Amino acid sequence: MESRDKIIAIVPARGGSKRIPKKNLKKIGGKSLVSIALENALNSRYINKIVLSSDDDEILSEAQPYPRVDPIMRPKKIATDNSLAIDYVKHVLQYLSENDPFFYSIIVIIQPSSPFTLPVDIDKTLDVLIDSNADSAVTVMRLDHALHPYKMKVIKSGILHPYLEKENGLMAEHELPKIYVRNGSVYATRRYVVDSGKIIGSKCLGHIMPRARSLDINETIDYSFAKFIDRLEPDN
């Protein structure tokens, strides 16, 4: 990919996770989730600037081993459970407008909660965005056939009924249309989308990641499973 765009990566890592206390500092393979995300950004071929955004001093200190990473303290008012991603992105861009001479035309969000993301996933997401006229690009994974909407049911008076009106008897995996879902790993978007108050624009493309790298840590069981996977496949 050849591009004159200046690309900034933001690793968002607030300190107030309730379901897994200090989640972003939890370790996989001896490294914190924050450090894994930062190293993925550092190993991207295209990213020009890397920012760690957090309201927590201990998390911000994770940037110390990486001179190319700028830790930026996030105000507490935009680091709550109900805060929106657009808030910290705009905060970072406002900070940089006062402290950085460059204009970043593409913003990439790299989530620490996806520890099996690889730098190639970041770069391929950027590839599909820049090699197109799309507004945004995100990582997705194919939905497992067992969770396919055509297979979902509702219970009425104890009897199972198709959730969708027309199931059409499709049961085998090869009969089902391929359906994808965002896996929460990487979001890349053009600056004008952010300036309009959104993270994802109306024309959004997807980079398909394998399920083995699509784990998103939200609950304690997710973290336990991530450690289990890491022991099985340390080079994942």
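**Notes on the predicted model**

1. Let's begin with a charged pair: Lys49 and Asp70 form a salt bridge through their side chains, with 2.6 Å from N to O. The two partners come from distant parts of the chain, Lys49 from strand 4 and Asp70 from strand 5 (residues 69-73), 21 residues apart. Lys49 is buried at 14% relative accessible area, whereas Asp70 is partly exposed at 25%. Please keep in mind that this is a predicted model.

2. How many salt bridges does a search of the whole structure find? There are 12. Another of them joins the side chains of Asp121 and Arg213, at 2.7 Å from N to O. Because Asp121 sits in helix 4 (residues 119-130) and Arg213 in the loop between strand 11 (204-208) and helix 6, the pair ties together parts that are 92 residues apart in sequence. Both ends are buried: Asp121 has a relative accessibility of 0%, and Arg213 has a relative accessible area of 16%.

3. Asp144 and Arg211 also meet in a salt bridge, with 2.9 Å between N and O. Asp144 belongs to the loop between strand 7 (136-142) and strand 8, and Arg211 to the loop between strand 11 and helix 6, so this pair ties together parts 67 residues apart in sequence. Here Asp144 counts as partly exposed at 22% relative accessibility, and Arg211 counts as exposed at 53%. Elsewhere, Arg14, Lys18 and Asp81 are linked in a network of salt bridges.

4. Asp56 deserves a look of its own. This residue lies in the loop between strand 4 (49-54) and helix 2 (57-60). Beyond its neighbours within four places in sequence, Asp56 is in contact with Gly15 and Met73.

5. Two backbone angles are worth checking. Most residues other than glycine have a negative phi. Lys22, though not a glycine, has a positive phi of about 55°; it lies in the loop between strand 1 (7-12) and strand 2 (27-28) and is partly exposed at 47% relative accessibility. Ser157 has a positive phi near 55°, sits in the loop between strand 8 (153-156) and strand 9 (159-162), and is exposed at 79%.

6. On to the rings. The structure holds 1 aromatic pair: Phe225 and Phe228 are stacked, with 6.4 Å between centres and 20° between planes. Both lie in helix 6 (residues 220-232), 3 residues apart, about one turn of the helix. Phe225 is partly exposed at 44%, and Phe228 is partly exposed at 39%. A charge meets a ring as well: Lys6 lies over the face of Phe102, 4.5 Å from the ring centre.

7. Finally, Leu38 in helix 1 (residues 33-42) is buried, with 0% relative accessibility. Setting aside residues up to four places away in sequence, Leu38 touches several residues, including Val11, Ile50, Leu52 and Tyr66. Its C-alpha is 9.5 Å from that of Gln111, a residue 73 places away in sequence.

Notes. Residues are numbered from 1 along each chain as its sequence is written. This is a predicted model: local features need pLDDT of at least 70, side-chain atom pairs count only at pLDDT 80 or more; totals for chains, interfaces and linings use all residues. Side-chain values use heavy atoms; hydrogens and water are left out. Helices (H or I, at least four residues) and strands (E, at least two) are DSSP runs, numbered from the N terminus. Contact means heavy atoms within 4.5 Å. Rings of Phe, Tyr and Trp (its six-membered ring) pair if their centres lie within 6.5 Å; planes under 30 degrees apart count as stacked, over 60 as edge-to-face and the rest as tilted. Buried means under 20% relative accessible area, exposed over 50%, partly exposed in between (1.4 Å probe, protein chains only). A charge sits over a ring if NZ of Lys or CZ of Arg is within 6 Å of the ring centre and within 35 degrees of the ring normal. A salt bridge is a side-chain nitrogen of Lys or Arg within 4 Å of a carboxyl oxygen of Asp or Glu.
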